[in-house]
Amino acid sequence: MTQGSSPARTTPVASTSAARPANAGHGPSNPQADERLGRWLMVAAMVISGTIGYFVLMSGQPALNVVFFRCLIGAASLCAWCAYRGYWRGLRLARWQIVNVALGAITLVSNWYFLFSAYKLTSVGITTVVYNVQPFLLVMASAIITRERPSAATLGFLGLAFAGLVILAEPGGVHGAGYLLGVASALAAASLYAATTLFTKKLAGTLRPEIIAALHMVIGAVVFVWMADFGHLPSGSHQIGAIVTLGLFHTTFMYLLLYGAFQKASTSSLAVFGFVYPVVAVAVDFLAFGIVLHPTQWLGGVMILVAAGCYARGVGAGAGKKAGKKAGAA
């Protein structure tokens with residue numbers, strides 16, 4: 001998710017922790033056909049994810065409202081889907097599962113708040129590119145929590161990504177009001193998404209991704225209903241349409257595409273096609289708002305994406321350790 005994007009990025013929170021469904025793979029299977037289908041599903045999901053910022057801005061709503069309505073609509077549709085598929089039957093959650101689902105939900109929806117705020121303060125493209133430092137924040141968090149020492153190559157890509165971040169932010173440059181705050185908000189969103197990934201990974205193989213996503217949306221709606229501004233509700237048809245689209249199309253439908261991609265495409269394919277997301281976001285900036293990155297911003301953005309791409313492809317990893325990181329969505 002959701003911004004979702006991702007998003008050298010990790011899987012969307014609802015799918016990070018999911019094992020392949022037990023009934024997957026029954027009957028004859030054509031690996032090449034599955035791979036092709038998985039790639040197309042991934043590309044479709046990343047194109048959709050890249051347009052999230054456009055609909056957030058078109059909604060004309062405060063970030064808190066957008067998060068609440070996305071959670072509310074997403075919760076209703078995902079819960080209905082899980083009921084239709086029979087995923088709720090026999091579901092029992094242990095206390096540790098409840099804790100990790102709740103923490104994952106809170107960090108996920110908080111990530112959305114900062115991400116949506118950043119769209120308004122900077123631009124869709126810049127926010128999305130900054131968001132791509134998320135896997136490196138995850139590496140840093142893992143190193144602190146698990147004491148796992150990153151490889152020299154990973155540290156190199158980490159340095160390249162953060163150098164690109166500084167160049168992109170241009171702290172000494174002349175920007176519009178709130179630009180640096182927007183970059184900081186995008187970085188905060190990436191940090192929260194990394195935390196969501198850690199919480200959700202603990203549920204690996206114990207809950208279906210659809211169930212995790214539905215529970216995240218329910219918890220998010222309950223939390224943000226107290227913060228939403230009901231005195232500033234969407235009024236025009238285009239605003240209502242944007243909100244409904246974010247809940248149904250950019251949450252439920254996009255997540256289902258991602259689940260299909262994760263089951264069929266190879267990890268390396270997921271990593272590569274995940275970078276359709278920031279490319280689409282930059283294109284949306286240009287086509288919808290006429291925003292073009294200037295040369296310094298292009299340099300910083302390319303540095304971040306190259307570092308993330310090399311990390312996703314396992315460049316510099318030891319033999320047998322190369323593993324592309326699945327792409328995420330907002």
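Welcome to the tour. Select Phe249, which counts as partly exposed at 36% relative accessibility. The model you are looking at is predicted.

**Stop 1: a stacked pair**

Now turn the view until you can see both rings. A pair of aromatic rings is described by the distance of the centres and the angle of the planes. For Phe249 and Phe253 the centres are 5.4 Å apart and the planes are at 15°, so this pair is stacked.

**Stop 2**

Select Phe68 and Phe230. Their ring centres are 5.6 Å apart and their planes are at 85°, so the pair is edge-to-face. Which parts of the chain does this pair tie together? Phe68 lies in helix H4, while Phe230 lies in the loop between helix H10 (209-224) and helix H11 (237-264), so the pair ties together parts 162 residues apart in sequence. Is Phe68 buried or exposed? Phe68 is buried, with a relative accessible area of 6%. Phe230, at 42% relative accessibility, counts as partly exposed.

For a cluster of rings, select Tyr54, Phe55 and Phe289, which are linked by ring pairs.

**Stop 2: arginines over rings**

Next, show Arg70 and Trp112. Arg70 lies over the face of Trp112, at 3.9 Å from the ring centre. Then move to Arg208, which lies over the face of Tyr87 at 4.0 Å from the ring centre.

**Stop 3**

In soluble globular proteins, nonpolar side chains tend to be buried together.

**Stop 4: two helices meet**

Finally, select helix H5 (residues 95-121) and helix H6 (residues 124-131). They pack at an angle of about 140°, with their axes 8 Å apart. That angle makes H5 oblique to H6. Which residues of H5 and H6 meet? On the H5 side, show Asn111, Leu115, Ala118 and Tyr119; on the H6 side, show Val124, Thr127, Thr128 and Tyr131.

How values were computed: Residues numbered from 1 in each chain as written. Predicted model: local features only at pLDDT ≥ 70, side-chain atom pairs only at ≥ 80, totals over all residues. Heavy atoms only, no water. Phe/Tyr/Trp six-rings, centres within 6.5 Å; stacked < 30°, edge-to-face > 60°. Helix = DSSP H or I, 4+ residues; strand = E, 2+ residues; numbered from the N terminus. Buried < 20%, exposed > 50% of the residue type's maximum accessible area, 1.4 Å probe, protein only. Lys NZ or Arg CZ within 6 Å of the ring centre and 35° of its normal. Axes fitted to C-alpha atoms, helices over the stretch in contact; angles between N-to-C directions. Parallel < 35°, antiparallel > 145°, perpendicular 65-115°, else oblique. Contact = heavy atoms within 4.5 Å.
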